[in-house]
Amino acid sequence: FHRDCPSGLLTQKKFVEMYNQAYPDGDATQYAKRIFLTFDKNNSGTIDFNEFLLAIDLMEKGDLDEKLRYAFQ
């Protein structure tokens, strides 16, 4: 996350790019819209690292260790 978002903030466009890298057969555009509607409470167009982890938690199955391993791959 830090390498891809050195400011500590993730844009919707970057979220889609990162998701599509992890899941090349999918299209994350609609999913990203939902994530940003849910987590971008101040309508800044970005989410921070904590909000990103919450989004990962919502979209990934598995226990906490598996989700953190995925998030930091």
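Modeller: Helices (H or I, at least four residues) and strands (E, at least two) are DSSP runs, numbered from the N terminus, and glycine 8 is found in the segment before strand E1 (9-11). This is a predicted model, in which local features need pLDDT of at least 70 and side-chain atom pairs count only at pLDDT 80 or more, while totals for chains, interfaces and linings use all residues. Residues are numbered from 1 along each chain as its sequence is written, and side-chain values use heavy atoms, with hydrogens and water left out.

Colleague: Why is glycine 8 called partly exposed?

Modeller: Buried means under 20% relative accessible area and exposed over 50%, with partly exposed in between (1.4 Å probe, protein chains only); glycine 8 has 27%, so it falls in the middle class. Contact means heavy atoms within 4.5 Å, and, leaving aside neighbours within four places in sequence, glycine 8 is in contact with Phe1, Ile47, Asp48 and Phe49. The C-alpha atoms of glycine 8 and phenylalanine 49 are separated by 6.4 Å, although these residues stand 41 residues apart along the chain.

Colleague: And why does tyrosine 31 count as buried?

Modeller: Its relative accessibility is 17%, which is under the 20% limit and therefore buried.

Colleague: What makes phenylalanine 15 and phenylalanine 36 an aromatic pair, and which kind of pair is it?

Modeller: Rings of Phe, Tyr and Trp (its six-membered ring) pair if their centres lie within 6.5 Å, and planes under 30 degrees apart count as stacked, over 60 as edge-to-face and the rest as tilted. A search of the whole structure finds four aromatic pairs. For phenylalanine 15 and phenylalanine 36, the centres are 6.1 Å apart and the planes 80 degrees apart, so the pair is edge-to-face. Phenylalanine 15 lies in helix H1 and phenylalanine 36 in helix H2, so the pair ties together parts that are 21 residues apart in sequence. Tyrosine 19 and tyrosine 31, at 5.7 Å and 40 degrees, are therefore a tilted pair. Phe15, Tyr19, Tyr31 and Phe36 form one aromatic cluster.
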